[in-house]
Amino acid sequence: MSAYLTKRMLYMLIILFAASLLIFCLYALTPGDFITGNIKLTAERKAELREIYGLNKPVLERYWTWMSHAFHGDFGYSLAQQKPVLQLFGDYIWNSFLLAAVSTFLTWLIAVIIGVISAYKQYSWFDTLVMIAIFAAMSLPSFFIGLFLIKILAVDLKWLPPGGMTTTGSTVAGFAYFKEVVQHMTLPVIVMTLLGLGSLTRYFRSNMIDVLKQDYIRTARAKGLRERKVLFSHALRNALLPAITLVGFELPALFGGSIIIEQIFNWPGIGQLYMKSFGLRDYPLLMGFTMFLAILTVIGTLLSDILYRVADPRVRL
Amino acid sequence: MRKSTFVLSSLFLAASLLLSACSNNSSPEAASTATPASSAPGGASTNSAASSAPEVVPAGALSEPFTATDLTKLPAAAQKRTDTIIVGLTDPSGAFTPYFQESGYDGNVSSLLYASLVTVDDKGVPTPELAESWEVSDDQLTYTFYLRKDLKFSDGSPLTAEDVAFTWTLQYDKAYDGGSSLPSLKVKGGEAYKAGTAKTVEGIRIIDPQTLSVTLEQPNATALVTLGSNVLSKAYYGKDYKFGQLEYIKKLHEKPLGDGPYTLEKFIPGQEVRLVANPNYFKGKPKTEHFIYKTTSGDAWQFLETGEVDYASFPATEENITKLKQLGYVNILPYTPSTYGYMQVNLKHEQLKDKRVRQAIAYGLDRQSIYVDAAEGAGAVANIPASPISWSYTEEGINPYKYDPEQAKKLLDEAGWTVGAGGIREKDGKPLSIHYLASKSKSSDIFIAVAKENFAALGIDFQPEIFADFNSLVSKTESGDYDLVSFSTSMLTDPADGFMQFFDGEITDYDNPKFTELYNKALATTDIEQRKAVYKELYQLFNDELPVIFTNYKKTVYAYNGRIENLSVSPFIGLAGSLPNWTLK
């Protein structure tokens, strides 16, 4: 196992290095830079600024500078926000994480429950209803669901706040603050859960259906085990195995932020910031954040491989 | 599955963000457009009649301010606030030091934190603020500013000529990377300072703690407003200053020390900027204790409807105005920003070098349908490089280029473009084709739909190309591969700003000695009446020559909580001017 890990780590470093070079070149090749968009500047001033920011240097030299700084933990300054990139991450990532973590947890929980039940009662009225609901949820665009819920629950009924993370100007602390955040995140969490639920439920349902047809389930039933035990300790455990690979892939999504949801609900997350930075060609921030996601993806895959091994001893690493 | 949603959503969002960034059909764009704040002097207006409404320009269905009809409908959230006013602002990033911020939204914040030496009134005419008065030497080169007595920064420290001199000098530092136009003013000795061969900027002279003067190398009528911008405290921002090293200032961005009506209480990234009234403000502490800029990147309707914000701006469409009137609890102000829209013309291309072809395009495009009717009245047709709210605006001797395809055809015939095979005009065997660039937005879609028909009727081969991203659009334009590109200016304070891009900006191919002469003549005097006369000539020249094809003015409305009194919005400095006088009834 440890030899395997060492090898994996080495691969990871190579992949990350290649990814960083690729990403850097892609960003450098995108037409326009941070200064292009400011059409008020004179040509001389533009040249001066490119000199100050080092944008006039060859791509590989810029990459080298960026890389050597990054190795020392310095991801540079965001040009648009005039702040260190790492500080910006600190400001926004945890808000995104909060939203994503809660909704991912709910999505998985609900998807497993519904998936198992509808697989067990395949073609029952419950299963049919669930399938219809799932297709409805999957086919609706997130902004539509979001705006619809805002209109009904926030503007008309005034049950929930229409957006933001706290009430504007609020100075509450402690439990009251917690309550306020929970209130504000309810709507976005509902939408995100609804959106993730569809595909995941289908996934669990079909896994479960497959497993229920296996011989060992028939054997277990024939041995006279109670149905509950058959279902939860034999069937579900095996049906969940493939899902473990999914867990690792969720990692970057947890920190990546959801652009649309954050936009609609005015949530102060990193997704929005990232999108804006792209429009402005704020390279230090874009590079930093993309690399961060790349690192998370690589760690996520490693994590799911290890988890898979832990869950299923037959798997050799 | 997550991934594909992510990519799709990114694409969708890229498009919609651009839509809101570069078009007039965007959702409410908060207090002002994204213009670098340094170009517009911040701070409060000296116009004491703050309750008077700004210049009334008919906007869609609304030509006059509308007063709330039923304040009892005001949402409870808004009713509860007694000493706080909340305004939506798209995206303040936290860089609140004037001259160093990259986004106009930060400029909206700093315009409340810092006062300026000179401000402009509702017509864009300079008026005193921190400077009690000023003198301009006969050769128009030396400006002497006389500061008011007992000026203080918000921490109680005195504001003197030293601070002003420091502020100017800082912008000549070689490491200065901000967007201020002060370095382009050519202050005497500025270049030497930048090069490191002089210890101070020669042209800046402190006469006594309340008086200082600055000498330019060449006259420039915009100098007064540019020089008369915000003042940075030397004791605070200059403490660690060493020539060529400005990194330290970034650490102070979130801890601003100003002299404006408000001071920063707290900045919560992505959420809000909390401001509190400054008791040391030279005009007296503002009437409302707390002011909050709430970050609203999405739709502001929901926040106005639930009472979470008190003020928002919307395109002046009939639909928006009707909907706002129905709310009952908002006052509505019609407003035309100090910008203009235009199509940049590639003057390097043979066919567009001919004035008659440019005029034919102006005549042959149904601009009324595109910019006024399709926008439901939230716009007007432009014919000169100035907004109707500027003191220099005139329609005298201006050709309105009313939609007239016959006239357009006649001009094209005159220019030698005759209808050839397939109905496309030709000259010397070359077809007349127009490669048009624009960024993705609802208004571009409308433009293309109408222009296709219009151009087909004229016998022009029209080839539109749409960019999802403003930066890519500009890059493509810079590469020269285009005939026409749609743009809009940022806020223009001085009439000269409307011409700047032709003079030393991105439009380099318009070379007309008459223009250069008039442009310099208008800048060589500070007398408003004289300048007005020169600008009239310039507008007539541009209206005839069409070095760019003028398209439209935007029209917006401001809707605000009916409890707020004394609110007015200046087209040049936004709401900063009247804000200290706002009260909640």
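Predicted model: local features only at pLDDT ≥ 70, side-chain atom pairs only at ≥ 80, totals over all residues.
1. If you look at contacts in chain B between residues at least 6 apart in sequence, 72% of them join residues at least 24 apart. The accessible surface of chain B is about 21500 Å², and carbon and sulfur atoms account for 51% of that.

2. Next, please look at where the two chains meet. On the chain A side, 58 residues are in contact with 59 residues of chain B. The size of an interface is often given as the accessible area lost when the parts come together. Here chain A and chain B bury about 5100 Å² between them, with 53% of it on carbon and sulfur atoms. In chain A, the residues that lose the most area to chain B are Ile39(A), Gln82(A) and Thr168(A), which together make up 14% of what that side buries.

3. Several helices of chain A give two or more residues to the side that touches chain B, among them α2 (43–53), α4 (85–120), α7 (175–212) and α11 (270–280). By class, that side of chain A has 27 nonpolar, 21 polar and 10 charged residues.

4. Side chains of opposite charge can pair when their charged atoms come close. The interface of chain A and chain B has 5 salt bridges. One salt bridge joins the side chains of Asp91(B) and Lys276(A), at 3.6 Å from N to O.

5. Lys276(A) leads us to helix α11(A). In this helix, 8 of the 11 residues are buried, so α11(A) is largely enclosed by the rest of the structure. The buried residues are Ile270(A), Gly271(A), Gln272(A), Leu273(A), Tyr274(A), Met275(A), Lys276(A) and Ser277(A). After the helix comes Arg281(A), which has a positive phi, near 60 degrees.

6. Over all chains, the structure holds 32 salt bridges. In chain A, Arg8(A) pairs with Asp305(A), and their closest N and O atoms are 2.4 Å apart. Arg8(A) lies in helix α1 (residues 2–29) and Asp305(A) in helix α12 (residues 283–311) of chain A, so this pair ties together parts that are 297 residues apart in sequence. Arg8(A) is buried, at a relative accessible area of 15%, while Asp305(A) is partly exposed at 25%.

7. Asp494(B) forms a salt bridge with Arg531(B), with 2.8 Å between the closest N and O atoms. This pair links distant parts of the chain, 37 residues apart: Asp494(B) is in the loop between β20 (484–488) and α17 (497–504), and Arg531(B) is in helix α19 (residues 528–545). Both residues, Asp494(B) and Arg531(B), are buried.

8. The second pair is Lys532(B) with Glu529(B), a salt bridge whose closest N and O atoms are 3.8 Å apart. Both lie in helix α19 of chain B, 3 residues apart, about one turn of the helix. An α-helix has 3.6 residues a turn, so residues three or four places apart point the same way. Lys532(B) counts as partly exposed at 33% relative accessibility, and Glu529(B) is exposed at 53%.

Terms used
Residues numbered from 1 in each chain as written. Chains lettered and ligands numbered in written order. Heavy atoms only, no water. Contact = heavy atoms within 4.5 Å. Areas by Shrake-Rupley, 256 points an atom, 1.4 Å probe, with all protein chains shown as cover. Buried area = accessible area lost by both parts, 1.4 Å probe. Salt bridge = Lys/Arg side-chain N within 4 Å of Asp/Glu carboxyl O. Helix = DSSP H or I, 4+ residues; strand = E, 2+ residues; numbered from the N terminus. Nonpolar A, V, L, I, M, F, W, Y, C, P; charged D, E, K, R; others polar. Buried < 20%, exposed > 50% of the residue type's maximum accessible area, 1.4 Å probe, protein only.
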